[in-house]
Amino acid sequence: MSTPREPEAPNPDGLSHAQLDYWRERLADLPPFTELPADLPAPPVRTGRDRTVVFGMAGVADNDVLARYGAALAALLTRYSRSRDVVFATRTAAGSPATLLPLRIDGSGDPSSRQLAERVREAARGAVEHAVAPFGRLVEEFAADHGPGRFPIAQVALDVWPRSTAGEPHARPPASEPLAPPSSPFDVSVTVVADGAGGSHTVGFSCDADLFSAEAAERMAGHFRRLLTDALAHPDRPVSRLEMLGAAERRHLLAGGGPAAPARAGTAVESAESTVLDLFQRQVEAAGGRTALWSPPYRCSFTELDVRAQELADHLAGLGVGPDDLVAVLLPRGPEHVVAMLAVLKAGGAYVPLDPTHPQERLDFVLRDSGARLLLTDRQLSGRVAGTIERLHVDVPRPPGGVPRPRPAVSPDNLAYVMYTSGSTGVPKGVAVTHRCVVRLVLGLDQVEVGPEDTLLMLAPTAFDASTFEVWNALCHGARLAVHPPGPVGPRELGTELRRLGVTVLWLTAQLANLVADVHPSALEMVRTLVVGGEALSVRHLRALLRASPGLRIVNGYGPTETTTFATTHPVAPEQLDEATAVPIGRPIGGTRCYIVDEDANPVPAGILGEILVGGAGLARGYLRRPGLTAERFVPDPFGPPGGRLYRTGDLGRRRVDGVVEFAGRVDDQVKLRGFRVEPGEVRAALAEHPTLRDAFVMVRGEGLAAELVAYVVPAAPGGVDVGALRTYLSHRLPAPLVPGRFVPLEVLPLTVNGKVDRLALPAPGAVSASDHR
């Protein structure tokens, strides 16, 4: 005979273990917050005021109101978020204004609105069956670490109240309760009230007035209404294909989301018809005696540079170099390197820059992979590479009296260079850049004026695409190109060189700019324009540079190598740095298109996170001899002219209402830790503003259950790092899952030769954890 089962011991609040187990499963790994396009900074204390947009809807059957409106709201949240896991709260499911229930909806698999409505019904049925659990008890049990200033579990609410009938005293709110309650704890709340028979409803779409402007509230209400209308008309259409944007809003977003920067006179025609050689030749003809290359005591005029490069070009042509032939260049940074680059172009070929500081294995790989037919180098560096590739030593005198050769027919679509970048698979890939791309860079930089009176510094490694900006922006605008000697550069040495060479326009990586701000901020006092890029900028360091050099103009330059150095620029306004925590990447430069899209390639509204796609004349031809990878990353442009392409940058961004784009990290950096979506760039930005830190970098280390968020921090002064203080600081700004589990203090962040953080050189976390206090 079986032993009688003992009754289950109740919890102190009367809930059974089965009830708690249900909610534990339903709310496990809940997203820390709902992504919404808030356009106002969150205040320290929320007032609870709402902005409400009211509109009418028809065509929803009275017996299916919650499911249909709930499906439309779930569709809105999935389209706003890069997560397909959404949650909203409702009082409707339980039929009582006093009972608040969270409905968690799975939006994965791109369901139709009909399927999504069924998922809402299922979630509502389960919630009602376990509705005895008070909402506050669920918060206490499952959401104790919700983010500061956010309503726990759900930040969005939906209440749908049908017509009142006899025997249904709670079918809708009392008549005294307005459609939009005067104070709501939710960021967004949707209230639907039946008008009468026939499926007619009045909808109040309310947004927290502390977070959303009136314009933002109108846009969001419009998105919700259009999604609902299209879903009712096409119930089997996938959510990703439902119409969300209005026609005017879509045109505005596809046009760049804001007014275009004024183009320089004639640049559109020049960009379409010119090559790099054309632009350089115009400077030779206009003022050939002006200094082109400058490295005291060395000086070379435009005419002298033209003659020297042409002599070498004739020799290259005699060796068979012609249009689109690849010539590798392995030379130290210096005037001879510039002569070699120009000579390859004059011969009709494309140069493949090699960095002498790279290991031999990397150099040999690039030579093999590129199939370069010739290597331009000197006798000292020639031994750095293996193989039988033909070599031409630029430091060996050539016999005089070479035969002048006719200028080859070079078109804007011929290759100018192939530059190798690190691949995500560990195999470097060659980015094939045409003359059209470089001309677009030179003529399209509306925020960086360069003229004959300017001096630019050649500082970047020539195998890094910043050198494209430095070299060709100078030579194609008649400016002087000052060449920094080979080798590393420190902040104080840089300041000395800038003054000695009279540099007026300078490019620095974000990390080097930070170092200059920390060690010698007055180093840039003679510079007129500083272009910074490569990584997200530090507001605190920009403030230091501007304090030391009040007349300095700083421009944030963004763009992958595949978009030819820069795709967007943003002038840093000193008066906006006081309250800023990040610097936008700005607007597209001339001849460039920039879109922000979701995972289904739909343009996203202003304020919503998406992947940055770049198109236009600066787009590289593709990856050399990698057709599969080229097809994966360079995709057809569904928004632009026929035959156009877009480069999928893999970068995340959001467009502001004024059209300015903000950088938000990498798609492939965005990870889930124990179910929570984490963007390391967001954590790094928060740490960078802490007064005791000079720099920080955040990444995920480990896999599976052992994965954790690690912060590498550089203290601003000796004395170590107070981990407890950092943890408390972050906990007041970020949801708990975004607070790193470990903090690793470093004297300096290791950098690659291109000035970016070298992830492979970062040490494994030691024994210092977030729970340790100094």
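Start by selecting strand E10, residues 350-354, and show its side chains. Keep in mind that you're looking at a predicted model. Ala350, Val352 and Leu354 point one way from E10, while Tyr351 and Pro353 point the other way. Are these side chains buried or exposed? They're all buried, whichever way they point.

Click on Ala328 and look across to E10: Val352 stands opposite. Now bring in helix H10, residues 335-346. Together, E9, H10 and E10 make a right-handed β-α-β unit.

Time for some charged pairs. The structure holds 36 salt bridges. Select Arg407 and Asp278, whose closest N and O atoms are 3.3 Å apart in a salt bridge. This pair ties together distant parts of the chain, 129 residues apart: Arg407 is in the loop between strands E12 and E13, and Asp278 is in helix H8. Arg407 is partly exposed at 49% relative accessible area, and Asp278 is partly exposed too, at 22%.

Hop over to Arg656 and Asp658, whose side chains meet in a salt bridge at 2.8 Å, N to O. Arg656 is partly exposed at 28%, and Asp658 is partly exposed at 34%.

Last stop: Arg684 and Asp695, a salt bridge with its closest N and O atoms 4.0 Å apart. Here both partners are buried.

Definitions and conventions
Residues numbered from 1 in each chain as written. Predicted model: local features only at pLDDT ≥ 70, side-chain atom pairs only at ≥ 80, totals over all residues. Heavy atoms only, no water. Buried < 20%, exposed > 50% of the residue type's maximum accessible area, 1.4 Å probe, protein only. Helix = DSSP H or I, 4+ residues; strand = E, 2+ residues; numbered from the N terminus. Pairing = 2+ DSSP bridges. Right-handed = clockwise from strand over helix to strand, strands pointing away.
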